[in-house]
Amino acid sequence: MMNFLEESMVKFGVDADDAESAIEAAGKLLLDEGLVEQTYIDAMKHAYIDNGPYFVLAPQIAIPHARPEDGVKEASVSFVQLKKPVVFGHSANDPVRLVFGLGASTSDEHLTLLKKLTGILNDTNNIATLKTATSYEDIKNILELER
Amino acid sequence: MKILTVCGLGQGTSLILRMNVEQALGDKGIEADIEHTDVSTASSMQADYIITSNELAESLRGHSAKVFIVNNYFDMDEINKAIDENIVN
């Protein structure tokens with residue numbers, strides 16, 4: 001099974017006051033599933049502090065991640081839908097509503113997961129669904145298409 | 001033609017951009033050698049074009065490649081337009 005937006009790796013209506021707590025929330029879903037170490041979440045936050053918000057790669061969408069050697073056990077993608085928009089400091093794509101935590105690995109699976117995620121997010125209808133969803137049931141259909 | 005897609009770590013964001021740039025170039029029938037990498041590696045690499053976000057473009061100033069920006073990595077219209085405006089085939 002792929003560690004790709006499984007029900008336990010998805011959370012809706014999450015409260016986050018700032019970018020770091022939003023990153024933490026997405027990272028924690030990976031940590032709780034045993035897919036990354038705590039060091040990886042710390043590295044995700046450091047990457048934001050050091051390199052800026054470039055990973056807010058579309059309007060309202062952030063994909064925080066760090067390096068495989070920072071503590072990834074398995075390639076993985078989690079999802080946090082924020083209750084309130086959070087400013088990350090990106091010049092074009094702020095504020096953020098959708099956060100995908102990426103457990104980056106050097107495996108082929110990493111590429112497969114990113115292809116799936118890109119397949120989903122290239123469709124603006126899917127992005128609209130992710131913004132309004134309140135439960136896993138609501139997003140199941142768009143995930144099925146990419147499985 | 002050598003194209004780099006660039007992000008902070010060279011692991012995730014630049015790979016997503018690369019996939020969609022490859023798709024766009026393929027649709028246009030433009031042949032190119034595309035690699036994804038991080039900012040510091042990109043600085044010492046030879047390339048004709050670099051595609052990145054506004055946030056990182058500044059640190060690639062002075063690179064011999066033509067640097068251009070995509071804001072929405074999932075918007076194929078924006079990617080196609082950026083390619084049409086910047087890449088001379």
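## Sheets, helices and a contact between chains

In chain A, helix α4 lies across β2, β3 (76–86) and β4 of that chain, running at about 100° to β4(A). This arrangement, like everything that follows, is read from a predicted model. The sheet concerned is an open one of 4 strands in the order β1-β3-β4-β2 (chain A), and its pairing is mixed. Because β1 and β2 (61–62) of chain A stand at the edges and each has a single partner strand, one side of each is left without a neighbour in the sheet. The partner of β2(A) is strand β4 (residues 96–103) of chain A, to which β2(A) is joined in the parallel sense over 2 bridges, and A:Ile61 stands opposite A:Leu98 in β4(A).

Helix α5 (residues 136–144) of chain A has as its buried residues A:Tyr136, A:Ile139, A:Ile142 and A:Leu143. Seen down the axis of α5(A), these buried residues fall within an arc of 120°, so they line one face of the helix. An α-helix has 3.6 residues a turn, so residues three or four places apart point the same way. The face turned away from the buried side of α5(A) carries the exposed residues A:Glu137 and A:Asn141, while the cover over its buried residues includes β1 (10–14), α3 (108–121) and α4 (124–132) of chain A.

Chain B has 4 helices and 4 strands, which follow the pattern β-α-β-α-β-α-β-α when read along the sequence. The 4 strands form an open sheet in the order β2-β1-β3-β4 (chain B), with parallel pairing. Since β2 (33–38) and β4 (66–69) of chain B stand at the edges with a single partner strand each, one side of each is left without a neighbour in the sheet. From one strand to the next, the twist averages 25°. Strand β1 (residues 2–7) of chain B runs parallel to strand β3 (residues 49–52) of chain B and is joined to it by 3 bridges, and the bridge partner of B:Thr5 in β3(B) is B:Ile51.

Two helices of chain B that pack on this sheet are set side by side in the table.

| Helix of chain B | Strands of chain B touched | Angle between directions |
|---|---|---|
| α1 (residues 13–28) | β1, β2 and β3 | about 165° with β2(B) |
| α4 (residues 76–86) | β3 and β4 | about 155° with β4(B) |

With 89 residues, a compact globule would have a radius of gyration near 12 Å, and the 11 Å of chain B agrees with this. Taken along the principal axes, the C-alpha atoms of chain B fill a box of roughly 30 × 25 × 20 Å. Of the 89 residues of chain B, 56% count as buried, and among the contacts in chain B with a separation of 6 or more, 53% come from residues 24 or more positions apart. The accessible surface of chain B comes to about 3900 Å², of which 40% belongs to carbon and sulfur atoms.

A residue of chain B that touches chain A is B:Gln11, placed in the loop between β1 and α1 of chain B. Its relative accessibility is 17%, so B:Gln11 counts as buried, the cut-off being under 20%. Leaving aside residues up to four places away in sequence, B:Gln11 touches A:His65, A:Ala66, A:Arg67, A:Pro68, A:Ala104, A:His110 and A:Leu114.

Key
Residues numbered from 1 in each chain as written. Chains lettered and ligands numbered in written order. Predicted model: local features only at pLDDT ≥ 70, side-chain atom pairs only at ≥ 80, totals over all residues. Heavy atoms only, no water. Pairing = 2+ DSSP bridges. Axes fitted to C-alpha atoms, helices over the stretch in contact; angles between N-to-C directions. Contact = heavy atoms within 4.5 Å. Buried < 20%, exposed > 50% of the residue type's maximum accessible area, 1.4 Å probe, protein only. Arc of directions from axis to C-beta. Rg over C-alpha atoms; globule rule 2.2 N^0.38 Å. Areas by Shrake-Rupley, 256 points an atom, 1.4 Å probe, with all protein chains shown as cover.
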